[in-house]
Amino acid sequence: MEDVSIGPSSGGEPHGLEVVTHHERPRPHFGIAVLAAVVTFLVIGLPTDIVPNPLFGREVPVRPWEPWVLLATSVLTGLWFGLQRTRRIVAADGTVAGEDSSVPPLSAAGLALFAVACPVCNKIVLVALGTSGALGIWEPLQPWLAMFSLAALVGAVAYAARRRPCVDGSCRVRSAS
């Protein structure tokens, strides 16, 4: 957790304010990671019928790479949510700013949903391309879409892991603004 406190200066600072930045590295939340991975697996796997269920069906059989993309997407999304921590800036009046966004992993998981979905079951693709276009144009693009979504998730996880603050508080910083 990173807290930046802005308060009155003890003297010598140009504007009478002193900025103290505290860095602490929180532990990853295993429970959040597992929950996010399971939810992702079910949200993508059930409607695409990669996870067999009585509610949804497919016109095109599940291709051999689709379960692996589903598994990797679920694990990476879970990792991202397990590593994710909000960075807060706490002002002297108690207001907090600097919350993080979950748009990158959720967008990449959304792309994975389109990548593993049945090409002719997707109403958006059918309206835009027709049945022959869905099979002739969209289906060959789906593995590329899957690779792009997994690369985006790997990048989001790497970014979340790298930007986590210091381990033991040794990088506490005092600076004047």
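Is W80 buried or exposed? Here are some friendly notes to read beside the structure, starting with that residue.

1. W80 counts as buried because its relative accessibility is 5%; buried means under 20% relative accessible area, exposed means over 50%, and partly exposed lies in between, with a 1.4 Å probe and protein chains only. F81 has 24% relative accessibility, so this residue counts as partly exposed.

2. Before going on, please keep in mind that this is a predicted model, where local features need pLDDT of at least 70, side-chain atom pairs count only at pLDDT 80 or more, and totals for chains, interfaces and linings use all residues. Residues are numbered from 1 along each chain as its sequence is written, and side-chain values use heavy atoms, with hydrogens and water left out.

3. Now the rings. Rings of Phe, Tyr and Trp (its six-membered ring) pair if their centres lie within 6.5 Å; planes under 30 degrees apart are stacked, over 60 edge-to-face, and the rest tilted. The count by this rule is one aromatic pair. It is formed by W80 and F81, edge-to-face, with 4.9 Å from centre to centre and 90 degrees between the planes.

4. For the overall fold, you can find four helices and five strands in the protein chain. These are DSSP runs numbered from the N terminus: helices are H or I with at least four residues, strands are E with at least two. Along the sequence the pattern reads β-β-α-α-β-β-α-α-β. Of the 177 residues of the chain, 37% count as buried.

5. Contact means heavy atoms within 4.5 Å. Among contacts in the protein chain between residues at least 6 apart in sequence, 65% join residues at least 24 apart.

6. Have a look at W138 in helix α4 (residues 123-162). W138 is buried because its relative accessible area is 18%. Leaving aside neighbours within four places in sequence, W138 is in contact with F114, P119, V125, L129, G133 and L145. W138 and F114 are 24 residues apart in sequence, and their C-alpha atoms are 9.9 Å apart in space.

7. C118 sits in the loop between α3 (103-116) and α4. With 3% relative accessibility, C118 counts as buried. Beyond its neighbours within four places in sequence, C118 is in contact with R58, E59 and V60. C118 and V62 are 56 residues apart in sequence, yet 7.7 Å apart in space, C-alpha to C-alpha.

8. Most residues other than glycine have a negative phi. D49 is not a glycine, but has a positive phi of about 60 degrees. At 18% relative accessibility, D49 counts as buried.
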